[in-house]
Amino acid sequence: MKRMSLLAAAAALALSWAPAWAETVLKVGDQRGGSRALMEAAGVLKDLPYKIEWSEFPAAAPLLEALNAEAIDTGIVGDAPFTFAVASGAPIKAILAIRSDQSGLAVLVRPDSPVKTFADLKGKRIGTGRGSIGHQLVLAALEDAGLPKTDVALSFLLPAEAKAALTSGSLDAWSTWEPYTSQLVLSGEARIVRDGRGITPGLGFQAAHVEAIRTKRGELEDFVRRLAKARVWESANRESYAATWAKLIGLPKEIPLRWFSGANTRPVPIDAEVVAAEQRTIDLYLRNGLIQKPLKAADILDPSFNAAVLSGTQEAAAK
């Protein structure tokens, strides 16, 4: 009996010294398995001192709605929908920046379309998500071509709706992102007439609700460290990542392989260059009336997680 009492006391003492986050659940939003598949493939989700509850979203807009409502704590989004959400009053900040090449951000048309260049879309209907990186691409492409925004008609649709409308012929073009671009190009259902290279920043953000930053900072620092580590791992292990992604999402491996090879995604700290790039996105949206008042990029980007990001990249480089 005395031995049992001692064991119970020891167990109670051990629990009292458990980390404060031992029972914490970090609610993470993902788009088409991107972060989850990557982190599983890279093996960085082992020995977590907290639990991750994943939620899958078809696009950034519904993910950001969930983040605004605190249904999730953090999630990966592009710079454009992030900007749109913050301007709409969402209490969120970016805690990690991701750079990628923009060949997968593209305006697609059907293979038999007479459209050969973006300028040929004058007077045509383009589908995309309101405030999305696809919307950003259309606005940037119009400015690059010297065309007023009234030269095209926009239909704001979720990806599944836009894909169906394009392939059925009720849309002339679809401004979209990966994996949808690779999926339609490889299937022969669409071709690219303009991509985002040279006219969009190629920024993505791990965004977090300000309350999660306040109450779950340790978990968020650990998560972005692991995600940064996985992003560095990906550059040398795209086959493994593609296999995990394809299994998780249920699409052929060729789709993520095309996407990952063209994207060259890498984590970067939130530095002066990132702040300047985000300010350009803000200004683009302000000029085009998507947001109604000026924002300062430095106010919505949180560089206090940079040390965690650097730690993750250094861990990956050391292996």
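Q: Hi! Which residues do ring pairs link into a cluster?
A: Tyr241, Trp245, Trp259 and Phe260 are linked that way. Rings of Phe, Tyr and Trp (its six-membered ring) pair if their centres lie within 6.5 Å. This is a predicted model, where local features need pLDDT of at least 70 and side-chain atom pairs count only at pLDDT 80 or more, while totals for chains, interfaces and linings use all residues. Residues are numbered from 1 along each chain as its sequence is written, and side-chain values use heavy atoms, with hydrogens and water left out.

Q: How many aromatic pairs does a search of the whole structure find?
A: Seven. In one of them, Tyr241 and Phe260, the planes are at 0 degrees and the ring centres 3.9 Å apart, so the pair is stacked (planes under 30 degrees apart; over 60 is edge-to-face and the rest tilted).

Q: Where do those two sit?
A: Tyr241 is in helix α10 (residues 238–249) and Phe260 in helix α11 (residues 254–263), so the pair ties together parts 19 residues apart in sequence. Helices here are DSSP runs (H or I, at least four residues), strands likewise (E, at least two), numbered from the N terminus.

Q: Are Tyr241 and Phe260 buried or exposed?
A: Both Tyr241 and Phe260 are buried, meaning under 20% relative accessible area with a 1.4 Å probe and protein chains only (exposed is over 50%, partly exposed in between).

Q: And what about the rings of Trp245 and Trp259?
A: Their centres are 5.7 Å apart and their planes at 85 degrees, so that pair is edge-to-face. Trp245 and Trp259 are both buried too.

Q: Switching topic: how many cavities of 30 Å³ or more turn up?
A: One. A cavity is a set of points on a 1 Å grid over the protein atoms alone where a 1.4 Å probe fits but cannot get out. Points are joined across faces, edges and corners, and the volume is the space filled by probe spheres set on them.

Q: How much space lies in the largest cavity, and what lines it?
A: About 630 Å³. Of its 35 lining residues (an atom within 4 Å of a point), the closest to the centre are Gly78, Ser100, Ile133, Glu178 and Trp259.

Q: Last one: how do α9 and α10 pack?
A: At an angle of about 115 degrees, with axes 8 Å apart. Axes are lines fitted to C-alpha atoms over the stretch in contact, and angles run from 0 to 180 degrees between N-to-C directions. Arg231, Trp233 and Glu234 of α9 make the contact (heavy atoms within 4.5 Å) with Arg238, Ser240 and Tyr241 of α10.

How values were computed
On a 1 Å grid over the protein atoms alone, a cavity is a set of points where a 1.4 Å probe fits but cannot get out, and a pocket is an open set with protein on both sides within 12 Å along at least five of seven lines; lining residues have an atom within 4 Å of a point.
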